[in-house]
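Come along and check each entry with me.

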Amino acid sequence: MLRFAICVAGIYTCFLTWGIIQERISTTAYGDDQSPKKFKFFIVLNTFQSLIAAFVAYIYIKATGKQLNLSTSPTGIYVKYAQVALLNCLASPFGYAALKHIDYPTMILGKSCKLVPVIFMNVLVYRRRFPLHKYICVFLITAGVSMFMLYQNTPSKAAGSNSMWGLFLLGMNLAIDGFTNATQDQIFHTYPNHGSGQHLMFFMNVFGFLFSFVYLVLNPYNNELWQAIQFFNDYPAVIWDVVLFGLCGAVGQCFIFYTLHKYGSLRLVTVTVTRKLFTMLLSVFWFNHVLSVGQWSGIALVFSAIGLEAFIKKQETSRLKKEHLAKKVNEEITKKE
């Protein structure tokens with residue numbers, strides 16, 4: 001439990017910092033006051049993120065005394081690594097495109113429901129089955145986070161109606177995210193002796209870097225790479241921000257892939273979708289912020305799910321201990337006979 005709490009704290013801390021740096025990069029006007037320019041090359045930014053994360057993952061592997069096992073790992077695992085990297089590269093553009101056709105509350109509501117496609121893809125694609133309480137917890141957390149976000153008293157960031165095309169793009173974004181998480185679970189299930197969180201982080205970022213770099217170089221309709229290089233040359237201050245962005249994301253990924261390997265995608269996505277809820281809850285006690293009745297109701301649903309999960313796990317642990325103790329007693333009786 002302590003390890004999981006450390007992972008949660010690491011994910012929250014790293015990605016809070018990562019988000020601040022991302023906002024700084026996207027909103028800062030670099031250069032002098034007469035000709036300031038903003039950095040708008042986000043495919044290049046994600047490419048650098050993948051490169052830095054792959055380097056950090058390699059150090060992580062070596063620091064834990066493990067090897068890449070390039071020659072001994074089965075070919076199938078590399079196909080899976082490439083698959084999740086490609087899916088990860090494809091998901092974000094659908095999300096960005098969807099926001100142009102739907103309003104912000106709808107986007108937030110969709111993002112709050114990420115647990116649903118994760119469990120759906122696990123069942124549909126990989127024929128995995130979960131205990132009944134897992135489905136109940138997913139429902140309670142999804143409903144709770146959705147209520148918390150929808151009842152938040154903030155002005156909408158994007159006015160306008162929701163088109164069917166925008167809802168389709170949002171659905172594709174969620175489906176690809178769910179398929180990505182389900183495939184990551186499948187890697188650990190199929191290759192327990194070859195795949196680890198560190199290895200998945202390394203190879204997923206290596207393939208992600210290669211896919212993004214090839215797209216930037218070979219796509220004749222996109223000259224973002226060369227524009228970004230020119231921007232770096234004209235405004236070198238942005239380079240340090242990009243490196244910090246990559247390092248914060250990479251350290252955060254270390255916690256994410258450890259959580260994914262040890263606890264599974266459902267637990268990981270639960271941490272990520274409830275991050276804003278717990279951040280806001282902390283601000284209530286720290287800064288005396290006020291939440292609406294709807295938000296408190298959402299919090300109650302989320303804590304009900306967490307309590308149910310903890311109760312079931314405690315019961316399961318107790319049952320396993322009793323079975324183990326009974327087995328040892330039977331073995332002792334057999335030896336005496």
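Below are my entries, helix by helix and then residue by residue.

**Ground rules**

I am working with a predicted model, where local features need pLDDT of at least 70 and side-chain atom pairs count only at pLDDT 80 or more, while totals for chains, interfaces and linings use all residues. Residues are numbered from 1 along each chain as its sequence is written, and side-chain values use heavy atoms, with hydrogens and water left out.

I took helices as DSSP runs (H or I, at least four residues), numbered from the N terminus. I also reminded myself that two packed helices are described by the angle between their axes and the distance between the axes. My axes are lines fitted to C-alpha atoms, for helices over the stretch in contact, with angles from 0 to 180 degrees between N-to-C directions.

**Entry 1: helix α10**

I started with α10, which covers residues 237-263. For the 27 residues of α10 that gives 39 Å, and the end C-alpha atoms are 39 Å apart, which agrees.

**Entry 2: α2 against α10**

I looked next at α2 (residues 42-63), whose axis is 8 Å from that of α10, at an angle of about 55°. That makes the pair oblique; angles under 35 degrees count as roughly parallel, over 145 as roughly antiparallel, 65 to 115 as roughly perpendicular and the rest as oblique. By class, this contact has 13 nonpolar, four polar and no charged residues. For these classes, Ala, Val, Leu, Ile, Met, Phe, Trp, Tyr, Cys and Pro count as nonpolar, Asp, Glu, Lys and Arg as charged, and the others, Gly among them, as polar. I picked out residues in contact (heavy atoms within 4.5 Å): α2 brings Phe-48, Ile-52 and Tyr-60, among others, and α10 brings residues including Val-242, Phe-245 and Tyr-258.

**Entry 3: α8 against α10**

I then turned to α8 (residues 197-218), where 22 residues reach 31 Å from first C-alpha to last, close to the 32 Å expected. The axes of α8 and α10 are 8 Å apart, at an angle of about 130°, and these two helices are therefore oblique to each other. This crossing is right-handed. On the α8 side I noted Gly-197, Leu-200, Met-201, Met-204 and Asn-205, which meet α10 residues including Ala-250, Cys-254 and Phe-257. I sorted the contact residues of α8 and α10 into seven nonpolar, four polar and no charged.

Which residues of α8 are buried? Buried means under 20% relative accessible area, exposed over 50% and partly exposed in between (1.4 Å probe, protein chains only). My list for α8 includes His-199, Phe-202, Phe-203, Gly-208 and Leu-216. The cover over the buried residues of α8 includes α2, α3, α7, α9 and α10.

**Entry 4: α6 beside α11**

I found the axes of α6 (residues 132-150) and α11 (residues 265-273) coming within 11 Å and crossing at roughly 15°. That makes α6 roughly parallel to α11. The crossing is left-handed. Lys-134, Val-138, Ile-141 and Val-145 of α6 meet Leu-266, Thr-270 and Val-273 of α11. The classes here are five nonpolar, one polar and one charged.

Is Asn-173 buried or exposed? I found Asn-173 in α7, and Asn-173 is buried because its relative accessible area is 2%. Beyond its neighbours within four places in sequence, Asn-173 contacts Ala-91, Ser-92, Phe-94, Gly-95 and Lys-111.

Asp-177 also belongs to α7 (residues 164-190) and is buried, at 16%. With residues up to four places away left out, Asp-177 touches Ala-91, Lys-111 and Lys-114.

I looked up Asn-88 in α3 (residues 75-98); at 42%, Asn-88 is partly exposed. With residues up to four places away again left out, Asn-88 touches Thr-180 and Met-204. The C-alpha atoms of Asn-88 and Ile-176 are 7.7 Å apart, though 88 residues separate them along the chain.

**Entry 5: a loop residue**

Last, I checked Asn-69, in the loop between α2 and α3. Asn-69 has a positive phi near 55°, in a residue other than glycine. At 33% relative accessibility, Asn-69 counts as partly exposed.

Definitions and conventions:
Left-handed = near helix turned anticlockwise from the far one by under 90°. Expected span 1.5 Å × (residues − 1).
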